Amino acid sequence: MKNLWNDGDAEKMVADYARKGVGGDLALRVYTTRLLGGEPRLVLHGGGNTSCKTKATDLLGDEWDVLCVKGSGWDMAVIEPQGLPAVKMGALLKARKLNKLSDEDMVALQRANLIDPSSPNPSVETLLHAFLPHKFVDHTHSTAILAIVDQEDSKPLVKTVFGDKMGYVPYIMPGFDLAKAAADVFDADPTVEGLILDKHGIFTFGDDARQAYDRMIHYVNVAEDYVAKHAKPKAAKATLPAKLATPASIAPMLRGAVAVARGEGRFDRMISDFRTSEAIVDFINSAAIADYAGRGVSTPDLSIRIKTGPMAVPAPDADKIGDYKAVIKSHVETFAKDYRAYFETNDALDDVKRTMLDPMPRLTLVPGLGMFGHGRTLKDAKIASDVGEMWIEAVRGAEAVGRFHPLSKADLFPLEYWSLEQAKLASNKPKPLTGQVVLITGGAGAIGAATAKLFADNGAHAVVVDLDAEKAADAAKKAGNNSIGVAADITDPAQVRAAFDRAVAVFGGVDILVSNAGAAWEGRIGELDDALLRKSFELNFFAHQSVAQNAVRIMLEQGTGGVLLFNTSKQAVNPGPKFGAYGVPKAATLFLSRQYALDYGAHGIRSNAVNADRIRSGLLTDAMIASRSGARGVSEKDYMSGNLLGQEVTAQDVAQAFLHHALAERTTADVTTVDGGNIAAALR
Ligand SMILES: [Zn+2]
């Protein structure tokens with residue numbers, strides 16, 4: 001691992017922060033914290049922590065000795081000075097005399113001694129930092145260090161690898177007890193340059209930021225070199241099928257299998273992030289992969305991300321893909337059963353009241369292909385994949401020098417169910433469409449873009465499909481929530497298939513279809529050019545059928561139901577003069593919606609239509625509004641609000657109707673009118 005310290009960068013950071021009133025100690029603390037945080041082999045997504053002992057002034061002008069320590073919720077890679085709250089040292093040091101301190105009391109003590117009460121909670125490892133006398137303390141969960149400490153008896157190996165310059169701390173759950181034990185190990189030999197924490201990670205310390213950082217990189221390199229030099233020959237590989245199925249063909253099955261059934265056809269769905277590389281596949285193809293996965297996580301705080309460890313499934317045979325759904329299902333059921341047993345066994349050991357988290361895996365290893373991270377959001381799914389990559393590195397290293405033997409699941413349990421984490425989860429309420437993927441055609445138009453935004457605001461990830469790539473990307477960006485834009489001409493079945501493949505590649509599947517794209521052609525029906533009518537049918541009927549077919553194909557693989565929503569139009573029920581080219585295929589689409597409701601209701605797939613009228617959009621442009629209102633001799637305003645309510649109907653109103661149908665779990669074969677009231681077009 002490269003030492004990234006650079007004198008010029010360090011000096012610049014000190015100078016830049018000095019202008020903002022931040023002292024040199026804290027500026028350098030930010031500098032090396034970012035260097036450590038930017039390296040996934042050291043820390044991942046909020047893992048690890050650093051501190052420095054310095055002085056801070058309170059509002060009264062009194063100066064205090066403080067510990068500036070990483071705050072909970074901050075990522076080391078992008079830390080700012082406010083991510084290192086200052087806690088009064090005197091109180092922290094006094095705590096060492098206590099015999100016992102619960103996690104809740106520890107947090108209370110730390111919060112009560114903050115210089116700025118609006119700071120985030122100081123790290124759970126704050127006391128450990130405080131009890132060490134050094135000005136700068138760094139802590140990481142380096143994968144190379146984990147390769148050494150994730151052994152059945154790591155103490156002699158730690159001694160062999162690091163010699164006398166590193167103290168050895170047996171495994172204790174992070175918190176007050178670990179802080180005291182680590183400080184005792186240091187006090188027994190104050191010449192050490194750092195501490196190796198069994199089954200957990202490494203601390204290094206120094207008189208200045210550079211010394212603590214240099215020591216971290218040095219000892220990580222010592223571990224990396226040892227692993228490289230002492231590696232055993234590679235483990236045997238599993239035999240793979242002659243022809244492997246593709247990740248896209250198994251993603252929806254897997255996504256469906258890990259969805260949490262809430263009963264009565266309702267599910268809490270997850271997003272899947274597929275990740276692969278030569279290194280990932282090489283490791284996952286090991287004959288022992290299921291055994292490794294079953295042993296657990298490489299460092300305890302990963303349990304927050306991937307629970308008790310990954311799930312390994314057999315390689316998918318392309319020739320037996322029909323049987324693979326059942327294979328995945330049985331593996332997920334076994335994982336969930338084991339997880340429930342893990343919870344029940346460990347929960348019964350005391351009388352603390354806990355709520356079991358869902359028992360589904362968060363990381364699936366598929367030999368021959370790669371791995372899938374699962375999470376309620378794309379962000380969480382990607383974090384699970386990131387964790388998976390580092391888990392692989394740590395296990396590979398541990399197996400190279402011995403046998404991967406991480407923390408036992410019994411010891412992991414109090415960490416996964418740490419009271420403070422449970423409180424955090426309870427406050428993290430999902431949105432109505434969290435975990436769901438919506439694909440919207442005509443997604444960059446007025447109604448499509450408003451729908452994408454509304455669905456994303458309600459927790460869904462949107463796949464915005466439009467003819468125009470740039471506009472699709474723009475609408476997706478405006479929708480937010482990691483939505484994506486996809487360019488496709490939806491009258492071309494191959495492009496429709498590609499758009500759905502993209503949704504599967506990025507999110508793992510599709511739950512909601514908003515089949516919205518359309519265009520209007522005019523002319524008296526008896527004199528219509530045949531080619532024009534056929535062209536209109538391609539877009540206003542066959543494209544709806546083509547996207548619905550693809551959506552249903554994926555929904556059936558997932559087995560978690562879904563909803564198809566069609567933008568028919570007022571024309572589907574109430575023809576307008578010279579609008580047959582538009583109205584006739586739209587009427588067919590209205591019946592298409594009912595046919596899907598009839599044919600797929602038993603699979604939990606709902607199908608509904610929204611017939612909107614007179615919406616300012618690409619179909620009804622400002623120029624058309626001017627010409628039509630002029631032709632009728634009414635003002636533009638009167639023309640647009642010429643309905644029973646006397647109010648203009650907007651794209652936002654149509655989006656609201658689509659959202660209603662996405663959420664109305666017991667409504668199918670329905671048509672919702674969004675036109676401000678038009679009695680001639682009212683459905684009987
Ligand atoms: Zn740690």
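These legends describe close-up views of a predicted model.

The model is predicted, so that local features need pLDDT of at least 70 and side-chain atom pairs count only at pLDDT 80 or more, while totals for chains, interfaces and linings use all residues. Residues are numbered from 1 along each chain as its sequence is written, and side-chain values use heavy atoms, with hydrogens and water left out.

**View 1. The stretch annotated in UniProt, residues 28-227.** An unreviewed UniProt entry lists these residues as "domain: Class II aldolase/adducin N-terminal"; UniProt positions are given in the numbering used here, feature names are shortened, and annotations may be inferred rather than shown by experiment. Over residues 28-227 the chain is 40% helix and 19% strand, with the end C-alpha atoms 31 Å apart. Helices (H or I, at least four residues) and strands (E, at least two) are DSSP runs, numbered from the N terminus.

**View 2. Helix α1 against helix α2.** Helix α1 (residues 7-19) packs with helix α2 (residues 24-37) at an angle of about 130°, their axes being 9 Å apart; axes are lines fitted to C-alpha atoms, for helices over the stretch in contact, and angles run from 0 to 180 degrees between N-to-C directions. The two helices are therefore oblique to each other, given that angles under 35 degrees count as roughly parallel, over 145 as roughly antiparallel, 65 to 115 as roughly perpendicular and the rest as oblique. The contact (heavy atoms within 4.5 Å) is made by D9, A10, M13, V14 and Y17 of α1 and by G24, A27, L28, V30, Y31 and R34 of α2. These residues divide into 8 nonpolar, 1 polar and 2 charged, where Ala, Val, Leu, Ile, Met, Phe, Trp, Tyr, Cys and Pro count as nonpolar, Asp, Glu, Lys and Arg as charged, and the others, Gly among them, as polar.

**View 3. Helix α2 against helix α9.** Helix α9 (residues 209-229) and α2 pack at an angle of about 15°, with their axes 9 Å apart, which makes α2 roughly parallel to α9. From α2, L28, T32, L35 and L36 meet A209, Y213 and M216 in α9, and by class this contact has 6 nonpolar, 1 polar and no charged residues.

**View 4. Helix α10 against helix α14.** Helix α10 (residues 247-258) and helix α14 (residues 321-347) pack at about 30°, with axes 9 Å apart, and α10 is therefore roughly parallel to α14. In α10, S249, I250, M253, L254, A257 and V258 meet I321, Y324, K325, I328 and V332 in α14, a contact that divides into 9 nonpolar, 1 polar and 1 charged residues.

**View 5. The aromatic pair F283 and W391.** The structure holds 17 aromatic pairs, in which rings of Phe, Tyr and Trp (its six-membered ring) have centres within 6.5 Å, and planes under 30 degrees apart count as stacked, over 60 as edge-to-face and the rest as tilted. The ring centres of F283 and W391 are 6.1 Å apart and their planes lie at 85°, so this pair is edge-to-face. Because F283 lies in helix α11 (residues 278-284) and W391 in helix α15 (residues 378-401), the pair ties together parts that are 108 residues apart in sequence.
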